[in-house]
Amino acid sequence: MAGGGQAIFSALDNAKTQSYHFKAIVIAGMGFFTDAYDIFCISAVTKLIGRLYYYDPTTGKPGAFPKDIKNAVTGVALFGTLAGQLFFGWLGDKLGRKKVYGITLVTMVGCAIASGLSMGSTASSVIGTLCFFRFWLGFGIGGDYPLSAVIMSEYANQKTRGAFIAAVFAMQGTGILVAGLVTMLVSKSFLLAFPAKPFSANHVLSTQPQGDFVWRIVLMFGAVPAALTYYWRLKMPETARYTALVKGDQKKAAADMAKVLESDITVEETSSTRVVDPKSSYGLFSSEFMRRHGLHLLGTSTTWFLLDIAFYSLQLTQNDVYPASGLLHKASSMNAIEETFQLSKAMFLLALAATVPGYWFTVFLVDRIGRFIIQLGGFLMMSICMAILGFRYYDLRGDKSKCSGNSKKEFCDGHQALFAILYGLTFFFANFGPNATTFIVPAELFPARLRSTCHGISAAAGKAGAIIAAFVFQIYTQDGKNIKQVMLALAGVNMIGFFFTFLVPETKGRSLEEISGEDKDFGDKRTAPNGAEERAPETEMV
């Protein structure tokens, strides 16, 4: 590797943890906070939107989305996310991480606001507008996956790189938590201002018209945290690894990183010319890439794909599973806004008790026990928990016939506390497991000029799994039936992910250049007095 470049990378890898590292975590992490909030807040308000726009008095039941409409509302953002991951991942390698980073944020802010302003004269036009803007919201969200991961990995030092990338991703858990909290606060405020009788007492007046403001406010709030970090994203310098390895401008890379690291990095002035092994300039579709990283990309893509089938099946179907776990009362015993409050409360408590702790266990342990062990153990424990929930589903859930006529519970005489614990443990081991590691490892394995693209491909494979969760598995949970079969199927999916993890190597404790093989691809040469070529000495950091 070129001597000047080696000095820059050595400075980055050996830098002490300092204030800019934490600043970068907040700037990149706030994008993930917004991503998670925008994707998962829709689960908290779908029942409310269904009551408002799809009430049919002939059914004798509260209004609810038709299955295909519900799948579209909750899943359309995932199509946008998949497209955004591929497009912005590729663009981040072509134009640079910094240039693209602001575009994704503006897209998220604009579409989050527009989603809450979805208008129309009919239910179909309102939902159609909502789906349109949520697709483009997902497009912006998709860009944040590869860019945030790669930026953090290229800024971080070697010793704590995994923890820093995991900390960025942990903001996803905070976003899920805040989605529940904001929905709780907004719905509770409206519930106090506009009380109503439960659906069982009054089918029509139990759905407050003011509930239309609730879901709109919840969706638009997603723009606030993203907008707050826009200025700081624009002020971030390009990563030194991209500037040095892809653009070949080592002086600028050194100058940028000297400001960031609050130390001087010098690049030796020599008459040397940069020597590049022809094999080091391989492209994504070359045989050389397939030889070096083909199995790695297969491993990161398949594990993320399988993980997201399970993870998004759990996240998007929470409002269908909660009655079985005892966390949510039956719909007829509540009015529309009260149901939203109770649903968001359950989401908040689950995130607080299981989802968020799982992320931070990864942050604290990923650089100690490694990515491989965490991912392997997470897949295994998720599979075990889901298998127990599947095989013992009816015993744990209870039975409708055991409930008295005035009972608020959907199911009675089961072991619902154990159900809730097992369900929560599944979330915990997803996040202290493959949900975090599948995000971390693609940002470390691949060479700088293809790093963002390969992370985007891996993430897009994950979103393909999420789409299957939204449009296949969610269909089988909406009527409360077949949840047993879904849990057993997901247990099998997790076991497949367990075995595909063996395609992904451990990256703990190694520099990005060592992991990707770039340390062997570049060098400096100069001509000695006798005419022989010799390597230039590495520049020292001052």
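**Close-up 1. Salt bridges across the chain.** Welcome to the charged pairs: the count comes to 14 salt bridges, each being a side-chain nitrogen of Lys or Arg within 4 Å of a carboxyl oxygen of Asp or Glu. The model is predicted, so local features need pLDDT of at least 70 and side-chain atom pairs count only at pLDDT 80 or more, while totals for chains, interfaces and linings use all residues. Residues are numbered from 1 along each chain as its sequence is written, and side-chain values use heavy atoms, with hydrogens and water left out.

**Close-up 2. Glu154 meets Arg451.** These two side chains form a salt bridge at 2.6 Å, N to O. Glu154 sits in helix 5 and Arg451 in helix 20 (residues 448–477), so to speak distant parts of the chain, 297 residues apart; helices are DSSP runs (H or I, at least four residues), numbered from the N terminus. Both Glu154 and Arg451 are buried, where buried means under 20% relative accessible area, exposed over 50%, and partly exposed in between (1.4 Å probe, protein chains only). A network of salt bridges links Glu154 and Arg451 with Asp93 and Arg97.

**Close-up 3. Glu444 and its two arginines.** Glu444 forms a salt bridge with Arg161, with the closest N and O atoms 2.7 Å apart.

**Close-up 4. Aromatic pairs.** A search of the whole structure finds 38 aromatic pairs; rings of Phe, Tyr and Trp (its six-membered ring) pair if their centres lie within 6.5 Å, with planes under 30 degrees apart stacked, over 60 edge-to-face and the rest tilted. Phe87 and Phe139 are stacked, at 5.9 Å centre to centre and 25° between the planes. Phe87 lies in helix 3 (residues 67–95) and Phe139 in helix 5 (residues 123–155), so the pair ties together parts 52 residues apart in sequence. Phe87 is partly exposed at 37%, whereas Phe139 counts as buried at 16%. The rings of Tyr231 and Trp232 have centres 5.1 Å apart and planes at 80°, so that pair is edge-to-face. Elsewhere, ring pairs link Phe32, Tyr145, Phe169, Trp304, Tyr359 and Phe439 into a cluster.

**Close-up 5. Charges over rings.** Arg233 lies over the face of Tyr101, 3.7 Å from the ring centre, and Lys188 lies over the face of Phe341 at 5.0 Å. The rule asks for NZ of Lys or CZ of Arg within 6 Å of the ring centre and within 35 degrees of the ring normal.

**Close-up 6. Nonpolar cores.** Of the 140 residues in the largest nonpolar core, Tyr312 and Tyr423 touch the most other members. A second, separate core of eleven residues includes Val441, Leu445, Leu450 and Ile515. Such a core is a set of buried Ala, Val, Leu, Ile, Met, Phe, Trp, Tyr and Cys residues joined through side-chain atoms within 4.5 Å.

Notes:
Helices (H or I, at least four residues) and strands (E, at least two) are DSSP runs, numbered from the N terminus.
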